[in-house]
Amino acid sequence: MAKPRKPKNEDASNKPENSGPVVRHQKLCLSIDLDKRHVYGYTELEIVVPEIGIVGLHAENLGIDNVYVDGEPAEFEYYPHNYQFTENESRWCYVTSPITAADAAGSAYISALERELVPNLLINCYKSFKTGGEQQEQPVLENGVQQASGEIKQNVRLVRVNYWVEKAETGIHFDGNVFHTDNQIRRARCWFPCIDDTLQRCCYDLEFTVAQNLVAVSSGNLLYQVLIGWLMESLMTFHHQQMFV
């Protein structure tokens with residue numbers, strides 16, 4: 001007697017909807033030097049690591065000093081995007097009219113958006129996971145989910161990236177004694193490493209250190225201000241689902 005086959009959609013329903021990393025919370029601590037037009041500091045991400053053990057972040061025009069996972073040095077690879085692609089030039093060779101020019105421009109724009117979706121800061125969290133003592137003995141399911149004692153636990157790691165921004169081209173701007181961000185799409189990555197995707201929404205803690213004669217202004221709830229010598233430190237916590245930059 002033949003047994004009925006299981007529909008394929010039943011197997012798919014048992015898989016997690018998101019097999020990539022998920023950011024639960026992110027902290028950003030920056031020192032801003034208006035005279036040198038320099039920004040430096042670090043960001044910490046509380047992130048659910050997928051089973052593969054690799055976390056991909058977006059980071060553009062940033063200098064990456066080092067990366068830590070749960071306080072331990074982690075291996076990482078950084079591939080700055082090069083937006084000058086020779087294949088884009090071939091599109092314009094066939095432009096003979098306004099219509100073909102519009103098609104070529106649309107094709108180049110879509111290609112640029114697709115390239116921006118690819119993370120270019122890859123962090124190896126697998127080594128830290130394997131040396132995690134008791135967690136090493138626990139089985140790992142899909143999407144970094146662990147199961148122990150009948151409970152399902154996610155493989156959550158604290159990833160810290162120390163970095164600096166020396167020559168800001170977009171996303172942030174220096175204008176005299178004013179430093180500000182803009183709301184251009186996918187440009188948060190230009191001043192701090194993150195998963196620059198509208199589907200990734202979490203709360204943010206923002207901590208800015210500026211000179212005493214300056215003030216940090218941001219949306220969110222101001223928790224405290226501290227005078228440290230000639231510096232003013234401001235900590236602001238965002239309760240938005242998504243950060244606006």
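Is Phe 174 buried or exposed? Phe 174 is buried, at a relative accessible area of 16%. The notes below concern a predicted model.

1. Aromatic pairs. The structure holds three aromatic pairs. One of them joins Phe 174 and Phe 179, with 4.9 Å from centre to centre and 50° between the planes, a tilted arrangement.

2. Phe 192 and Tyr 204. These two rings form an edge-to-face pair, 6.3 Å centre to centre with 80° between the planes. Phe 192 lies in the loop between β12 (178-181) and β13 (203-211), whereas Tyr 204 belongs to strand β13, so the pair ties together parts 12 residues apart in sequence. Both Phe 192 and Tyr 204 are buried.

3. Ring cluster. Trp 191 also belongs here: ring pairs link Trp 191, Phe 192 and Tyr 204 into a cluster.

4. Charge over a ring. Arg 160 lies over the face of Tyr 42, at 3.6 Å from the ring centre.

5. Cysteines. The number of disulfides is zero. For Cys 190, the closest cysteine sulfur is that of Cys 194, at 9.1 Å; a disulfide needs the sulfur atoms within 2.5 Å, so this distance is too far for a bond. Cys 190 is buried, with 5% relative accessibility. Cys 125 is buried too, and its relative accessible area is 1%.

Technical notes. Residues are numbered from 1 along each chain as its sequence is written. This is a predicted model: local features need pLDDT of at least 70, side-chain atom pairs count only at pLDDT 80 or more; totals for chains, interfaces and linings use all residues. Side-chain values use heavy atoms; hydrogens and water are left out. Buried means under 20% relative accessible area, exposed over 50%, partly exposed in between (1.4 Å probe, protein chains only). Rings of Phe, Tyr and Trp (its six-membered ring) pair if their centres lie within 6.5 Å; planes under 30 degrees apart count as stacked, over 60 as edge-to-face and the rest as tilted. Helices (H or I, at least four residues) and strands (E, at least two) are DSSP runs, numbered from the N terminus. A charge sits over a ring if NZ of Lys or CZ of Arg is within 6 Å of the ring centre and within 35 degrees of the ring normal.
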